[in-house]
Every structure is written in structure tokens, then in C-alpha cells.
Amino acid sequence: MILALALAVGLATAVSPFASSNPDGLEHVAKRKDFLDEGKLARIQQDSPISGYAFPGIGNERVATGLAGFVGTIAVFALGYGLAFVLRRRERGGAPPGAPA
Amino acid sequence: MIDIPIALHIPDGFLSAGVAASCGLAAIAAVAWGLRVANVELDEARVPLLGVLAAFIFAAQMLNFPIAGGTSGHFLGATLAAVLLGPWLACLVMAVVIVVQAFAFADGGVSALGANVLNMGVLGALLAGYLVVAAGRLLPRTRVAFLGVAGVVSWVAVMTGAAATSVELAASDTVPLATSLPAMLGVHAVIGLGEAVITVAAVSAVLAARPDLVALAPKELTAAGAPVTRPAEGAV
């Protein structure tokens, strides 16, 4: 499990800067069918901390992407783990109502 | 040309308010049911898996691979999540990933958030989850059959998400279905192949290392080797 997490962080940090920057599936179709320009950022997203997967204040594009990947992966892990921890079925201690004693 | 990141994620402005709201309601309903399922059946041992899986899917979604015609695609992960956690917990994992992408990385719109969770998460996770279970009843309960089904189903899940996106764009009067559907399906037929390769590789790796963590695997595959700690379903 730790290994899988390390793999995820490693991929996001070290490999993502070298990922293809070609327009992706939806973007490609939107451009060809001429509705790409209808896309816009919501107001709240203009203040996104790491807009466009580039860590702010870093000149080197690859380093900025790698750092964004590192931070993002850790954040998503923490959020997923935290959510699961809060939601998990409790068997002992603080038994839910109706649980067998 | 405005410069916004679209990574298979629908940005704001592509969908009408009605379509965005309908998709939002559907996504909220699925996530709410996922929360309920977690409360009932998510045991302590699988808590880390949820976090690690969300992290892995987020990381893999950053890795755009080039496909024909100057286009790229990336792994979505709904099938992988469904195979490891079951369809409803997979909805939760996908929602976590897509919400963080929208708010921290400005990837995918805010009003389109429900549509993105629906297209890339919920539809794929539920379809894949139930198809894998159904196929498990019909096919031999072997490792090869299980991995084969996971691969095929992950391709179908990507195509379903692409088709749903086209329908939502058409219902929003952004682009007619006859225009976008063939284009979306064409591109995603290739992206789906990448999805299948990564899904099979990942499921195969987890089956080898921790078979007890593959929720939808036939019992014959999870029982081999390490003792299974998962409590039997239905046991009091």
C-alpha cells in the first residue's frame, strides 16, 4: 500500500512534466467542431491555488508541473483517507445504534 | 483562444444551466448513496486503500499519453476503482479526485462539476462494477477471465462517459449530437485502449500483492495464499 502511494507520488512528480501536452480528446473535438472558445473559468477558479497544474511562482515549467503533481497527489490521498476514516464502519468503541453489543 | 486546461473535463460554458443542474443532482445522489454504503460496509482495513487509490488515479490522470492526430488522452480510473472497492465506493473516490481537480487545479468547471463526476466517475464506476459482477457469474472464475473482463469493461466505461458527454453537449445546444458523438467516440475508442491496458496492469498487480483488496474478484482468486481478513458478507 505504501509502495502504491509512493508510485503515485513518483509518477505525478517525476513523469507528469513529460506527459503529452497535445490537446486531449474533448479539447480536440471542441476545437475541431468550433466550440472550444465557449469554455471559461468560473470566478472561484481564477483564484485556484495551482491553476492549470503549474505550481505558482516557479519559472521552470517542468518543475512547476512536477511540484503541482506532488502536492496534488498528497492532498488527494489525505482527503480520500480522511473521508474514508470518517465514514468507516465502526465495529468496536462508539458502536452505532442498533449494533450488536 | 483562451488558455484553459481541459483534460477530458468539461469546463464551464459548455453546458446549459438545466443540463448542468440535472447532472449535478444525479452526481449528488450517487455520491450520497456512496457515503451510505461506506458507512455500512467500509471496514477499517480498506480505509488506506481509498486514499491510495484516489492518489493513484489523480496522478495517472496527469499523465496524458499521445494518440493519433495530435491528440492526447489520459487514464480515468473508474473501472479500476470499481473493481477494487465496488461500484459505490468507487463513486466516492472519483468524486474526491474530480472535486480537487476543479477547485485546486482549475481543471473542469464548477457548474460542470456534476457532469464531470457523472461522466468520468459515476457512470463508469456503476456500469463497470455491475458488469464485472455479472460477467463473474457467467464466465470461468479464473484470473485470466477476470482480468479480461476488467479490460473490456474499462473500455466500455470510457466510451459510455464520452457518449454521455456528447449527449450533454447536444442537450445544451452547444454542438449537435450527430457532430460530436462520432468525434468523441472515435477519439475515446483509442483512449479506452490505454484505459484497458492500465486497468489490467493495476488490477493484476494488486491481485498479486494483496488479493484481499480486490473487492470484485471471485473468491477463488482472493482466497489463494494470504488469509482473508474481510468479514464474510451476511455474517452477524
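1. Helices and strands here are DSSP runs, numbered from the N terminus: helices are H or I with at least four residues, strands are E with at least two. By that rule, chain A has three helices and zero strands. Along the sequence, the pattern of chain A reads α-α-α.

2. A word on the source. This is a predicted model, in which local features need pLDDT of at least 70 and side-chain atom pairs count only at pLDDT 80 or more, while totals for chains, interfaces and linings use all residues. Residues are numbered from 1 along each chain as its sequence is written, and chains are lettered from A and ligands numbered from 1 in the order in which they are written.

3. Next, burial in chain A. A residue is buried if 20 or more other C-beta atoms lie within 10 Å of its own, exposed if 12 or fewer, and partly exposed in between; the C-beta atoms are placed from the backbone. Chain A has 101 residues, and 38% of them count as buried. Two residues are in contact if their C-beta atoms, placed from the backbone, lie within 7 Å. Take the contacts in chain A between residues at least 6 apart in sequence: 48% of these join residues at least 24 apart.

4. Is Ala6(A) buried or exposed? Ala6(A) sits in helix α1 (residues 2–15) of chain A. It counts as exposed because it has 12 C-beta neighbours inside 10 Å. Ala6(A) is 68 residues from Ile74(A) in sequence. In space, their C-alpha atoms are 9.9 Å apart.

5. Now α2(A). Six of its eight residues are buried, so the rest of the structure largely encloses it. The buried residues are Gly25(A), Leu26(A), Glu27(A), His28(A), Val29(A) and Ala30(A). What covers them includes β2, α6 and α7 of chain B. Just after α2(A) comes Asp34(A), with a positive phi of about 65°.

6. Check the backbone of Tyr53(A). Most residues other than glycine have a negative phi. Tyr53(A) is not a glycine, yet its phi is positive, about 55°. It lies in the loop between α2 (25–32) and α3 (61–87) of chain A. Tyr53(A) is buried, because 24 other C-beta atoms lie within 10 Å.

7. The two chains touch. Chain B gives 65 residues to the contact and chain A gives 51 residues. On the side of chain B that touches chain A, the elements giving two or more residues are α1 (17–41), α2 (47–61), β1 (65–67), β2 (71–73), α4 (87–105) and α7 (177–209) of chain B. Which of them gives the most? It is α2(B), with 12 residues. For residue types, Ala, Val, Leu, Ile, Met, Phe, Trp, Tyr, Cys and Pro count as nonpolar, Asp, Glu, Lys and Arg as charged, and the others, Gly among them, as polar. The chain B side divides into 45 nonpolar, 16 polar and four charged residues.

8. Helix α4(B) passes a length check. The expected span of a helix is 1.5 Å times one less than its number of residues. The 19 residues of α4(B) should span 27 Å, and the end C-alpha atoms are 26 Å apart, which agrees. α4(B) is mostly covered, with 16 of its 19 residues buried.

9. Ala106(B) follows α4(B). It lies in the loop between α4 and α5 (113–138) of chain B. Ala106(B) counts as buried because it has 25 C-beta neighbours inside 10 Å.

10. Helix α6 (residues 143–171) of chain B has 29 residues. From first C-alpha to last it reaches 42 Å, close to the 42 Å expected. Asp173(B) follows α6(B), with a positive phi near 60°. Val149(B) lies in α6 of chain B. It counts as buried, because it has 24 C-beta neighbours inside 10 Å. Leaving aside neighbours within four places in sequence, Val149(B) is in contact with Val132(B), Ala135(B) and Leu139(B).

11. Last, a helix pair. Thr79(B), Leu80(B), Val83(B) and Leu84(B) in α3(B) meet Thr199(B), Ala202(B), Val203(B) and Val206(B) in α7(B). The residues of this contact divide into six nonpolar, two polar and no charged.
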